[in-house]
Amino acid sequence: MKTLKMQLIILTLAFCITGCTTAMYFDPSLVDAQKHQYEFYIKTGGFSGPDTADQRAMQEINKFMVANGYSKFKIIHRIYKFIPSGFDYLVEFSK
C-alpha cells in the first residue's frame, strides 16, 4: 500500500512539473499590414521562462514565415506579461 501511494505521489508531481515547463502558442494577430508586423503571444507555465518562450516563438515564427511566403523576420520587441504569464513578440517580416 505504501508503494502505491508513493507511486501516485511521484506521478502527480511529474505531471505538475511537466505542465509547468511548457509553452503554449496562440495564433498571431496583424498589427500593421504595411510594415508586415504581427504579434505572437507565447503563454508560459510556472517553471518555464524566457528561454522556453523564445524556443517556442522561433518555431512558430519560422512556420508562419514559410506558410506566408516571407524570407526574413526581425523581432521588434519582446514583452513579459505577468498575468497570464507569457511573452508578446512583435515581429516584422519581409519577402
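Me: Which residue in β4 stands opposite Phe40?
Reply: The model is predicted, so local features need pLDDT of at least 70 and side-chain atom pairs count only at pLDDT 80 or more, whereas totals for chains, interfaces and linings use all residues. Residues are numbered from 1 along each chain as its sequence is written, and side-chain values use heavy atoms, leaving out hydrogens and water. Strands (E, at least two residues) and helices (H or I, at least four) are DSSP runs numbered from the N terminus, and in β4 the residue opposite Phe40 is Tyr89.

Me: How many bridges join β2 to β4?
Reply: Two strands pair if DSSP finds at least two bridges between them. β2 and β4 run antiparallel, and the number of bridges joining them is 7.

Me: How many of the 8 residues of β2 are buried?
Reply: Buried means under 20% relative accessible area, exposed over 50%, and partly exposed in between, with a 1.4 Å probe and protein chains only. By that criterion β2 is mostly covered, and the number of its 8 residues that are buried is 6.

Me: Within what arc do the buried residues of α2 fall?
Reply: Helix α2 (residues 50-67) has 18 residues and reaches 25 Å from its first C-alpha to its last, close to the expected 26 Å, a span defined as 1.5 Å times one less than the number of residues. Ala53, Ala57, Glu60, Ile61, Phe64 and Met65 are buried in α2, while Asp51, Gln55, Lys63 and Val66 are exposed on the other side. The arc is that of the directions from the helix axis to the C-beta atoms. Seen down the axis of α2, the buried residues line one face, because they fall within an arc of 135°.

Me: What is the phi of His36, which is not a glycine?
Reply: Most residues other than glycine have a negative phi. His36 lies in the loop between β1 (23-32) and β2 (37-44), and it counts as partly exposed because its relative accessibility is 31%. Although not a glycine, His36 has a positive phi of about 55°.

Me: Is Ile83 buried or exposed?
Reply: Ile83 is found in the loop between β3 (72-81) and β4 (86-94). Because its relative accessibility is 68%, Ile83 counts as exposed.
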